[in-house]
Amino acid sequence: MRQKFQHYHADLQAVDDRRLNPSEAADLDSIINRSRRQVLKGGLALAAFGLFGTSLAGCQRPAPGTLPAASPLLGFSGVAAQTGADFDRVLVAAGYRAEPFLRWGDAVLDHAPPWQEDASQDWQAQLLQAGDNHDGMHFFPFDDAPNSHGLLVINHEYINPTLHSNGFSYTDLADGRRQRPLAQVRKEQAAHGVSVLEIRREADGQWRRVAGSRYHRRITAMTPMLLSGPLAGDPRMRTASDPSGTRVLGTLNNCSMGVTPWGTYLTCEENFHNYFVNRDAADHASRPTHQRYGIGQGQRSAYYAWESVDPRFDATPDEQQPHQGHVNEPHRFGWVVEIDPFNPDSTPIKRTAMGRLGRECSVVTLDDDGRMAVYSGDDARGEYVWKFVPDGRHDPANPAASRDLLDSGTLYAARFDEDGSGQWLPLIWGEQGLTPANGFADQQAVLLNARGAADQLGATPMDRPEWVAVHPLTREVYVTLTNNRERGERLPLDAANPRPDNQHGQILRWREAGGDPTATTFEWDLFLLAGDQPGATGADGQPLPANLIGTIQGDIFSSPDGLAFDGDGRLWIQTDSDDEATHTVNTGCNQLLCADPQSREVRRFLVGPRGAEITGITWTPDYRTLWINVQHPGISYPASDGRSRPRSTTVVITHEDGRVIGS
Ligand code: FEO
Ligand code: CA
Ligand code: CA
Ligand code: CA
């Protein structure tokens, strides 16, 4: 059965990890020297790293074989890696239940028709049903019964060919382009975006969608949105269909997310470049806002070829049309989109002050005095780690006053220095080369081409930054760097990205100076390098090469992506590795693991079905109900019958005795 669905995914490989940063290649000597320095540096950086009064010197990684007694934070028995080609379910630690909660096609709005196994339903049905590729999500509790009643808000990142009865349909045209059927494109647009559902835990202990709720909502690639901040109304945001430059249709590639202290949801637009094409080669090359972001070029169609039926995705300039047609449409994606889930009539707002990235996430940290920062990863090879600091402060006594806090502030890119210190480099027009001579006419140009501005500032190109998580007590910040096969080749090694041909990725952490979210300096260290244990062998029984060996104390994994802390400070890690590649022969199917940030012990809590990524993580406030997402399973799931169409699925996890998850 695996065979049957395999081809659905074959077409979707490697669109989310392209290297677009034009950094210089390193020469071999500098790679070797940097590697040596990193080896020398490891212990020193750790010794210097204090954890808000608790020295981290005591948490240096123990020598192999001397792992300390099991962490008191990790109160469950780990599960084994699953390396079988036919593994088709969710395996969770003993004592826990993991049950499908919301699958692609399940009803969100009340009048949604029941999903059909043959995937023949049209886009009108899809507009009412859960979208595809569930990713980041958050549970917003209601005050009346916060641990049993709330809104579950779920991103739908992109679409799988399983969305249609027989996969994506194309007609290959004589000029090399592809023509798509409008009905399929509309269904694909309707399967993107966000779902909002009111849910309740009923007397029988089961979580269910609340019938008849006014909060149920689907936001899609067609939903009207507002632009706010410095680029609202800017000429570079105007198009033939929106001469005002203030209104956008839809959100795309909603990957991870964030939550504000005033109770709104921040959905993040990641790989938006896949949806556009600019066929004018000279024009494309002249626009860093296209070129540096990987907007499609040349005579081929864009990845999804939506432009064959929906002209706003054709970003080729057209002098005959107002504002040159849709050449600016790609400028209207790559933003943080703020959604108020408690007001189903509210219009989502794209916050342009926060900069335009291939944005993975927007994770908020808040100081005691209301100052805050929002952290983001930009997930492509050699892109950056980001922080946005609003000008204003959040006042918990007056949350309504924070409504537009994300419309002004300072955007920073991170530089990770070899000695374990770090700098936040501000993207301020007119400073540090962000000048007209270098292509930055004004602050708006800086925000539209934030990647190019960070190049200019000398930020550190990273191994695909994905999720960020902030420790609830110490405010120490962790980021997943998922993998980067070009490291050491096109991108030089450095202390933060120390492994050539980095197939397994790493988790890095930092501590803002003085514990202040708005600080401009920090100290950092590598929490772990993912991959196999020393001495591990591959499928051929031969010892694995050094680049596949990690530093994990405990259960191994590859390609960390999702990352979140629970209220007790357990660090939950979700993986997105290619589980059919040779380097994952021992790590197997993708996973949810739990780590103790002090001892660094890692234990595997859950394994998902073949072909799936494990992503999205949220809890009830008492941390006794956990939701995660199984994204793009490659095998019949959630049905394990070998016949059913695989469906991205939100899974709800509880303990049979109702204990705090993982405790
Ligand atoms: Fe959508 Fe970088 O994961
Ligand atoms: Ca991700
Ligand atoms: Ca990923
Ligand atoms: Ca994904």
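1. Ground rules. This is a predicted model, where local features need pLDDT of at least 70, side-chain atom pairs count only at pLDDT 80 or more, and totals for chains, interfaces and linings use all residues. Residues are numbered from 1 along each chain as its sequence is written, chains are lettered from A and ligands numbered from 1 in the order in which they are written, and side-chain values use heavy atoms, with hydrogens and water left out.

2. The chain as a whole. We have eight helices and 38 strands (DSSP runs numbered from the N terminus: H or I of at least four residues for helices, E of at least two for strands). Of the 663 residues, 62% are buried (buried is under 20% relative accessible area, exposed over 50%, partly exposed in between, with a 1.4 Å probe and protein chains only). Taking contacts (heavy atoms within 4.5 Å) with a separation of 6 or more, 66% are between residues 24 or more positions apart.

3. The nine-stranded sheet. This one is open and antiparallel, with the order β20-β21-β23-β24-β25-β30-β29-β28-β27 (strands pair if DSSP finds at least two bridges between them). At the edges sit β20 (363-366) and β27 (465-470), each pairing on one side only. From one strand to the next, the twist averages 30° (axes are lines fitted to C-alpha atoms, for helices over the stretch in contact, and angles run from 0 to 180 degrees between N-to-C directions). Helix α8 (residues 450-457) packs on this sheet and touches β23, β24 and β25 (421-426), with a direction at about 105° to that of β23.

4. Pairings to click through. Strands β23 (residues 385-390) and β24 (residues 409-416) are antiparallel and joined by five bridges; V389 is opposite T410 there. Further along, β25 and β30 share three antiparallel bridges, and G422 has F522 as its bridge partner in β30. On the β29 (residues 506-512) side, β30 is held by seven bridges, again antiparallel, with E512 opposite F522. Seven of the nine residues of β30 (residues 521-529) are buried, so this strand is largely enclosed by the rest of the structure.

5. Where do the 53 residues of the largest nonpolar core have the most contacts inside it? Look at L252, Y275, F276, W306, W386, L406 and L427 (a nonpolar core is a set of buried Ala, Val, Leu, Ile, Met, Phe, Trp, Tyr and Cys residues joined through side-chain atoms within 4.5 Å). The largest share, four residues, comes from α8. A second, separate core has 45 residues, including Y478, F557, L593 and W619. Back at L252, contacts beyond its neighbours within four places in sequence include H192, E269 and F333.

6. Helix α4 (residues 182-190). Buried here are Q184, V185, K187, E188, Q189 and A190. Their cover includes α3 (123-126) and β11 (217-219).

7. A buried glutamate. E601, in strand β35 (residues 601-607), is buried at 8% relative accessible area. Its side chain reaches the backbone nitrogen of S71 at 2.8 Å and makes a polar contact with the side chain of R603 (2.8 Å) (a polar contact is a pair of N or O atoms within 3.5 Å; within protein, one must be able to donate a hydrogen and the other to accept it, and residues adjacent in sequence count only if both atoms are side-chain atoms).

8. Calcium, ligand 3. The donors are E466 (OE), D561 (OD) and D576 (OD), at 2.2 to 2.5 Å (donors are N, O and S atoms within 2.8 Å of the metal, 3.2 Å for Na, K and Ca; water is not among the atoms, so sites may look incomplete). E466 is in strand β27 and D561 in strand β32 (residues 560-565), so the pair ties together parts 95 residues apart in sequence. Both E466 and D561 are buried. E466 also coordinates the calcium ion (ligand 2), which is 3.7 Å from the calcium ion (ligand 3).

9. Calcium, ligand 4. This ion is coordinated by E157 (OE), E613 (OE), E613 (OE) and Q631 (OE1), at 2.3 to 3.2 Å. E157 comes from the loop between β6 (149-156) and β7 (171-172) and E613 from strand β36 (residues 613-619), so this pair links parts 456 residues apart in sequence. E157 and E613 are buried. The calcium ion (ligand 4) is 5.0 Å from the calcium ion (ligand 2).
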